[in-house]
Number of protein chains: 2
Amino acid sequence: MVREGFESSLKSLKEEVVNMMEKVSKLIQDSVDSLVNRDIKLAREVIKKDDEIDKLMNDIEEKTIELIALQQPMAKDLRIIFSISKIITDIERVGDFCVNICKETIKIGHEEHIKPLIDIPKMRDIILEMFANTKESFINENYKLAYRVGEDDEIIDNLYKDIYTEILMMIHEDSKFISQGTKLLFVGRYLERMADHITNICERIIYISQGDRVSIN
Amino acid sequence: MVREGFESSLKSLKEEVVNMMEKVSKLIQDSVDSLVNRDIKLAREVIKKDDEIDKLMNDIEEKTIELIALQQPMAKDLRIIFSISKIITDIERVGDFCVNICKETIKIGHEEHIKPLIDIPKMRDIILEMFANTKESFINENYKLAYRVGEDDEIIDNLYKDIYTEILMMIHEDSKFISQGTKLLFVGRYLERMADHITNICERIIYISQGDRVSIN
């Protein structure tokens, strides 16, 4: 009976984590859209919505504490609950990087882009896929899928390197590209860091599912 | 009796967190030193030592789980233990940024610096002081000191802005500064992010001591 109570509480906790992932996934989409379309209104909305994410994280954390206090789970279950409490920190950090991107959008304002943005939306699409797979692997404790996310992280690292090289070359050619160029460099870096946090989540999922602490990026 | 056991386990857990903070504090010092002195050997050592930090984090986390499983603490104590588990993640992230700085040191290699590094060591010194105060406030649950760390974070933000402006101006003047200039920009950004993580720790300390969730940066 106690066990049943625990299982159902854990299930609803996991659902809230999935909900948080879905909300942050939307912020990833919107933050890069705001940059691409120079949509300052959207950028401001993302920044505002990130407060919700922080609140969700705190709520879930309180619930994990309550769950432990009321149900006094065994060590194995505690590991899952602790992992959830770490996973939500990484999800929250992904949200923070969306905010950082939006701040660059606002700084760039209505200025013409110094180049058509191609690699940045490409990074965004891969990250969204990584994050969707992370969600999937979290729901089904699918550790193999979690490993695959780690492999995609390499594509992100390479795309970031391409962006870095391209923008540095542009700045070399003409110093008028410096101001926006460095902002786009930062956006690239934020996306790369996002992917790192998503990879952290996958390491946690592997730990939950397999009991091994691995480094997949 | 059980309570006594809990108190002493919690005390030793806190000592391990303090030990972890001291080790990372050394990495902060060494990472910036490696950059300033173009000391690639030291940079490599920092990167290696960061593995130890990761291990310490995992060890402490295991111990928090054991502590909960064996002692079944009440909700208030669980909050402290959970906070410790979050604090160690932030300490570990500070260590990661030291690694990032060292990677830039290695990329710069034995190249002459494009400018005397003044603001970066200044940021380092303030961060070291913030971190020392964080440790102090963690040991004594001194929430007032934790708030003060949040105030120092503003100095870091301003120093970072100065570095950003200065380097952008240099790149404007001469494109030969681009490659190293952007590397130094990243170092500035890493230091700024370090200070953010230290501030996160202080928010946790305030939460442990006062029960309030606050945002101090």
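A salt bridge is a side-chain nitrogen of Lys or Arg within 4 Å of a carboxyl oxygen of Asp or Glu. Keep that handy for these exercises, and remember that the model is predicted.

**Exercise 1. Work out how R204(B) and E61(A) are linked.**

Step 1: Start with the general idea: side chains of opposite charge can pair when their charged atoms come close.
Step 2: Look up the N to O distance for R204(B) and E61(A), which is 2.8 Å.
Step 3: Check it against the cut-off of 4 Å. The two side chains meet in a salt bridge.
Step 4: Now zoom out to the whole boundary. Chain A and chain B have 12 salt bridges between them.

**Exercise 2. Describe the contact between chain A and chain B.**

Step 1: Count the residues that take part: 41 of chain A touch 41 of chain B.
Step 2: About 3700 Å² is buried between the two chains, and carbon and sulfur atoms give 55% of that.
Step 3: See how the predictor scores the complex: the ipTM is 0.78 and the pTM is 0.87.

**Exercise 3. Sketch chain A, then find out which parts E22(A) and K135(A) tie together.**

Step 1: List the secondary structure: chain A has six helices and zero strands. Going along the sequence, you'd write α-α-α-α-α-α.
Step 2: The C-alpha trace of chain A spans about 70 × 30 × 20 Å along its principal axes.
Step 3: Note the confidence: the average pLDDT of chain A is 93, with 99% of the residues scoring at least 70.
Step 4: Turn to the pair. E22(A) and K135(A) form a salt bridge, with their closest N and O atoms 2.9 Å apart.
Step 5: E22(A) sits in helix α1 (residues 2-36) of chain A and K135(A) in helix α4 (residues 119-140) of chain A, so the pair ties together parts 113 residues apart in sequence.

**Exercise 4. Decide whether α3(B) and α6(B) are roughly parallel or roughly antiparallel to each other.**

Step 1: Find the helices: α3 covers residues 75-108 of chain B, and α6 covers residues 178-210 of chain B.
Step 2: Read off the geometry. They pack at an angle of about 170 degrees, and their axes are 9 Å apart.
Step 3: Apply the cut-off: angles over 145 degrees count as roughly antiparallel. Therefore α3(B) and α6(B) are roughly antiparallel.
Step 4: Sort the residues in this contact by class: 19 are nonpolar, five polar and nine charged.

Technical notes:
Residues are numbered from 1 along each chain as its sequence is written. Chains are lettered from A and ligands numbered from 1 in the order in which they are written. This is a predicted model: local features need pLDDT of at least 70, side-chain atom pairs count only at pLDDT 80 or more; totals for chains, interfaces and linings use all residues. Side-chain values use heavy atoms; hydrogens and water are left out. Axes are lines fitted to C-alpha atoms, for helices over the stretch in contact, and angles run from 0 to 180 degrees between N-to-C directions. Helices (H or I, at least four residues) and strands (E, at least two) are DSSP runs, numbered from the N terminus. Angles under 35 degrees count as roughly parallel, over 145 as roughly antiparallel, 65 to 115 as roughly perpendicular and the rest as oblique. Ala, Val, Leu, Ile, Met, Phe, Trp, Tyr, Cys and Pro count as nonpolar, Asp, Glu, Lys and Arg as charged, and the others, Gly among them, as polar. pLDDT is the predictor's confidence in each residue, from 0 to 100. Contact means heavy atoms within 4.5 Å. Buried area is the accessible area (1.4 Å probe) that two parts lose on being put together, summed over both.
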